[in-house]
Amino acid sequence: MTGTAVARLSKRQILRQILNRSGGLRLLEAVPAWSGLVALNYHRIGAPTHSLLNHALWSASETDFDAHVRTLKSNFDLIGLNDLNAAIGDASRDATRRRHRFAMITFDDGYIDNYELAFPILQAHNAPATFFITTDFVGRRRLSWWDEIAWMVRSSPRRMLRLSTPWFDGSVDVPTEPSSVLIHRLLQTFYLLPAQQTENYLDWIAAATGSGRAPAVLSETLWMNWDQVNELADAGMGIGAHSVTHSVMTSLSAEEQLFEILESRLIIEHAIGRSVSTFSYPLGRRSTFNVETRNALSRAGFDWAFSQYGGFVSGQPADRFDIPRVAVETDLDLSDVRAICALPQAFARH
Ligand SMILES: [Zn+2]
């Protein structure tokens with residue numbers, strides 16, 4: 001993170017605290033200062049206590065998620081996938097005349113806690129949400145690379161990791177460097193690799209940490225199964241595609257992108273017997289999709305695709321293959337989520 005980003009974050013935090021203490025947040029919620037659609041994105045619900053997997057994936061505890069849903073329901077028109085077309089049209093038509101504010105709750109990847117912990121909370125509030133499924137995780141019980149990297153680092157018996165390779169230079173003192181920092185650094189390198197090099201990179205981390213590759217048993221209970229995804233769909237939740245392998249789209253050729261996008265759609269449609277027309281980009285940053293990804297989405301018959309680098313839909317025709325979402329991460333508390341929704345112009349940008 002740069003110094004500028006730190007300063008900007010601090011200013012936002014100060015503004016949020018002032019709004020919260022002065023009752024300004026409550027006022028903004030009651031008297032809308034914007035119209036449009038804010039979409040929030042979660043990954044895991046619960047707590048990472050003692051987990052050797054990637055703690056950064058836990059977006060909120062059950063209690064916090066319950067509070068988020070309650071706040072969203074009471075202040076916004078909380079919509080599901082079926083209402084997206086109408087809401088986007090409404091949000092794009094006239095931002096000043098209609099103070100109509102929509103919110104969406106989305107989940108990426110397909111973790112089991114989405115079904116076990118988030119789903120009952122959503123049902124208790126009669127709140128819709130949308131779940132984007134990575135088909136190799138749900139259908140083939142594959143471990144995600146961010147969880148495997150975290151597991152290899154956290155399981156390491158070594159005191160010092162020597163990291164001098166084509167990918168990484170230097171050494172890391174494991175006991176003094178927080179494992180979450182090292183995991184983050186290793187992942188940042190992973191994101192830049194062409195898809196054909198990622199297995200070699202994971203093998204190298206396995207050797208450097210002395211942990212070996214993560215055992216397959218780790219992923220057996222990590223993901224929802226198709227019956228559970230079906231149950232979500234039966235209850236009215238939206239189901240979308242999130243690729244087959246969770247590869248970064250821009251690391252793939254045009255044909256490989258088309259395969260990931262089309263195949264994930266076909267697999268999910270076969271499993272749940274419903275049509276799927278919404279995609280969310282793995283990682284969702286601006287740099288993780290390109291014109292070839294958009295072409296592949298068109299050819300595969302998708303109507304919408306969600307990114308995840310912040311922002312919201314308001315006042316202009318929405319880009320149907322770049323519907324913005326705000327990532328809900330562990331360090332955001334309820335007042336952050338309220339601030340994002342009350343004044344996305346200030347808080348929904350990354
Ligand atoms: Zn994902």
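Helix α11 (residues 254-272) and helix α12 (residues 291-299) approach to within 9 Å between axes and cross at roughly 45 degrees. Therefore α11 is oblique to α12 (under 35 degrees counts as roughly parallel, over 145 as roughly antiparallel, 65 to 115 as roughly perpendicular, the rest as oblique). The model is predicted; local features need pLDDT of at least 70, side-chain atom pairs count only at pLDDT 80 or more, and totals for chains, interfaces and linings use all residues. Residues are numbered from 1 along each chain as its sequence is written. Helices are DSSP runs of H or I with at least four residues, numbered from the N terminus. Axes are lines fitted to C-alpha atoms over the stretch in contact, with angles from 0 to 180 degrees between N-to-C directions.

The crossing of α11 and α12 is right-handed (near helix turned clockwise from the far one by less than a right angle). On α11, the contact (C-beta atoms, placed from the backbone, within 7 Å) involves Ala-254, Gln-257, Leu-258 and Ile-261. Their partners on α12 are Glu-292, Thr-293, Ala-296, Leu-297 and Arg-299. This contact comprises 5 nonpolar, 2 polar and 2 charged residues (Ala, Val, Leu, Ile, Met, Phe, Trp, Tyr, Cys and Pro count as nonpolar; Asp, Glu, Lys and Arg as charged; the others, Gly among them, as polar).

Helix α7 (residues 145-154) and helix α8 (residues 179-192) have axes that come within 10 Å and cross at roughly 135 degrees. Therefore α7 is oblique to α8. Their crossing is right-handed. From α7, Trp-145, Trp-146, Ile-149, Ala-150, Val-153 and Arg-154 take part. From α8, the contact draws on Ser-179, Leu-182, Ile-183, Leu-186, Leu-187 and Phe-190. The α7 and α8 contact residues divide into 10 nonpolar, 1 polar and 1 charged.

Key. Helices (H or I, at least four residues) and strands (E, at least two) are DSSP runs, numbered from the N terminus. Two residues are in contact if their C-beta atoms, placed from the backbone, lie within 7 Å.
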